[in-house]
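Please read them alongside the coordinates.

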Amino acid sequence: MSPKNSLTIAVVSAGAMGAGVGRRLANHGATVLTNLDGRSAASHQRAKDAGMEIVTLSEIVSRADWVLSIVPPSEAYTFAKLLTDAYRSAAPNARKAGLKFADCNATSPETVKRISNLFFDLEIPFIDGSIIGGPPKDDYQPTFYASSNNTEALKAFDFGILRVKLLQGEGAGVGDASALKMSYAGISKGYTALIITMILSAHASSPATAQALLEEMHFSQPATLQRAARFIPDALPKAYRFVGEMEEISDYVKAGLGEGESHIHEGIARLYSTLAASVSGEKNPEHVDVLKGFVETAKKVLEDTQSPTAKQTF
Ligand SMILES: NC(=O)c1ccc[n+]([C@@H]2O[C@H](COP(=O)([O-])OP(=O)(O)OC[C@H]3O[C@@H](n4cnc5c(N)ncnc54)[C@H](OP(=O)(O)O)[C@@H]3O)[C@@H](O)[C@H]2O)c1
């Protein structure tokens with residue numbers, strides 16, 4: 001076992017990612033805490049199944065070596081504020097010496113800098129973290145990217161259980177791990193959204209147009225069709241969560257390139273919002289049926305053609 005397995009790590013909250021990370025840490029000997037005030041029965045169940053100890057925020061402040069914030073991006077500031085408020089109101093001897101905080105959410109660099117300001121006058125080193133990949137499972141691990149203005153704390157973040165890559169070097173600091181995630185997610189989820197938008201638009205023209213689009217993609221862009229078949233089913237149940245993430249990416253693009261370019265991911269946020277409403281049945285439930293039908297046909301067509309001879313064109 002790792003010599004660092006005596007660490008006490010708070011992971012808040014216990015969603016798909018938080019519980020997966022919590023389980024991995026607990027399986028490797030760490031004591032894993034979480035706080036679930038106001039959370040659903042499902043989060044409580046996930047936390048218990050993952051071997052996480054459900055405690056108060058004050059207990060986290062007094063016991064944790066690390067706090068990993070893994071919450072919906074829109075809640076990242078709120079959680080950090082609650083944690084820093086709990087730290088401020090704790091008696092000095094009820095604060096764990098050496099406590100460090102890592103925000104691991106898909107937030108824009110601007111948001112994460114605003115969060116880091118909450119820690120400015122506290123003795124809690126702040127790590128900007130971001131996660132690329134799905135929740136840890138058996139032999140699979142996502143990558144945690146991390147950057148910080150505190151080099152010593154940054155090195156300590158690689159505590160030997162998670163797959164960690166430190167973003168160091170000239171100019172690197174708080175904001176960079178988040179920037180990396182924004183660019184990566186902006187490409188991967190943005191690409192999927194673009195395909196979905198065009199399938200739905202083709203189908204709105206006529207079902208025959210959507211079928212013709214599928215056939216043309218199979219002929220001239222088979223890799224794009226394979227991507228559609230693989231990623232559209234994955235995106236549907238997560239669409240509600242992608243909305244906030246795409247809004248963060250829009251802010252990120254606005255800060256780097258300008259107002260006009262930021263509308264790309266603003267539009268993608270709207271697309272995911274439309275999809276989420278379709279998935280829940282609230283509005284336009286037929287979009288989900290169209291996409292599922294397209295994916296089923298695409299899978300069949302791709303299976304029937306073992307080795308497509310057409311080259312991808314751009
Ligand atoms: N899942 C992935 O594949 C993945 C991949 C990379 C990065 N991430 C990042 O991981 C973070 C969490 O994603 P997830 O997939 O775990 O989301 P999720 O499955 O939707 O879970 C979110 C969790 O946060 C809780 N929560 C909601 N509002 C909260 C608040 N105000 N304070 C504290 N906890 C709150 C929820 O509790 P209730 O539902 O019980 O209210 C739930 O336990 C996001 O920043 C996301 O970008 C996820």
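**Notes on the fold**

1. Strands β1 (residues 8–12) and β4 (residues 66–69) run parallel and are joined by 4 bridges. Within this pairing, Val12 has Ser69 of β4 as its bridge partner. The model is a predicted one, and the points that follow should be read with that in mind.

2. The β1–β4 pair belongs to an open sheet of 8 strands, ordered β3-β2-β1-β4-β5-β6-β7-β8, and the pairing in this sheet is mixed. The edges are formed by β3 (53–54) and β8 (163–166); each has a single partner strand, so one side of each has no neighbour in the sheet.

3. On annotation: an unreviewed UniProt entry places "domain: Pyrroline-5-carboxylate reductase catalytic N-terminal" at residues 8–83. In the model, the chain over residues 8–83 is 47% helix and 20% strand, with its end C-alpha atoms 16 Å apart.

4. Two backbone details deserve a check. Most residues other than glycine have a negative phi, and most peptide bonds are trans. The bond joining Val12 and Ser13 is a cis peptide, with omega about 15°. Val12 is the residue bridged to Ser69 of β4, while Ser13 lies in the loop between β1 and α1 (16–27). The second detail is Asp138, which is not a glycine but has a positive phi of about 30°. Asp138 sits in the loop between β6 (126–132) and β7 (143–147).

5. How do helix α9 (residues 222–256) and helix α10 (residues 259–280) cross? Their axes come within 7 Å, at an angle of roughly 165°. With over 145 degrees counted as roughly antiparallel, α9 and α10 are therefore roughly antiparallel to each other. The crossing is left-handed.

6. The contact of α9 with α10 involves, on the α9 side, residues including Ala235, Leu236, Tyr240, Phe242, Met246 and Ile249. Residues on the α10 side include His265, Ile268, Tyr272, Leu275 and Val279. By class, the residues of this contact divide into 15 nonpolar, 4 polar and 5 charged. Among the charged residues are Glu247 and Lys254 in α9 and Glu259, Glu261 and Glu266 in α10.

7. Helix α10 also meets α11 (residues 286–304). The axes of α10 and α11 come within 7 Å and cross at roughly 95°. The range 65 to 115 degrees counts as roughly perpendicular, and α10 and α11 are therefore roughly perpendicular to each other. Thr274, Leu275, Ser278 and Val279 of α10 meet Glu286, His287, Val288 and Leu291 of α11. This contact has 4 nonpolar, 3 polar and 1 charged residues. Leu275 and Val279 of α10 are also in the contact with α9.

8. Which residues of helix α8 meet α11? They are Ala210, Gln211, Leu214, Met217 and His218, and their counterparts in α11 are Phe294, Thr297, Ala298, Val301 and Leu302. The axes of α8 (residues 207–220) and α11 come within 11 Å and cross at roughly 35°, and the crossing is right-handed. By class, there are 7 nonpolar and 3 polar residues in the contact of α8 with α11, and no charged ones.

Key. Residues are numbered from 1 along each chain as its sequence is written. This is a predicted model: local features need pLDDT of at least 70, side-chain atom pairs count only at pLDDT 80 or more; totals for chains, interfaces and linings use all residues. Side-chain values use heavy atoms; hydrogens and water are left out. UniProt positions are given in the numbering used here, feature names are shortened, and annotations may be inferred rather than shown by experiment. Helices (H or I, at least four residues) and strands (E, at least two) are DSSP runs, numbered from the N terminus. Two strands pair if DSSP finds at least two bridges between them. Axes are lines fitted to C-alpha atoms, for helices over the stretch in contact, and angles run from 0 to 180 degrees between N-to-C directions. Angles under 35 degrees count as roughly parallel, over 145 as roughly antiparallel, 65 to 115 as roughly perpendicular and the rest as oblique. A crossing is left-handed if the near helix is turned anticlockwise from the far one by less than a right angle, and right-handed if clockwise. Contact means heavy atoms within 4.5 Å.
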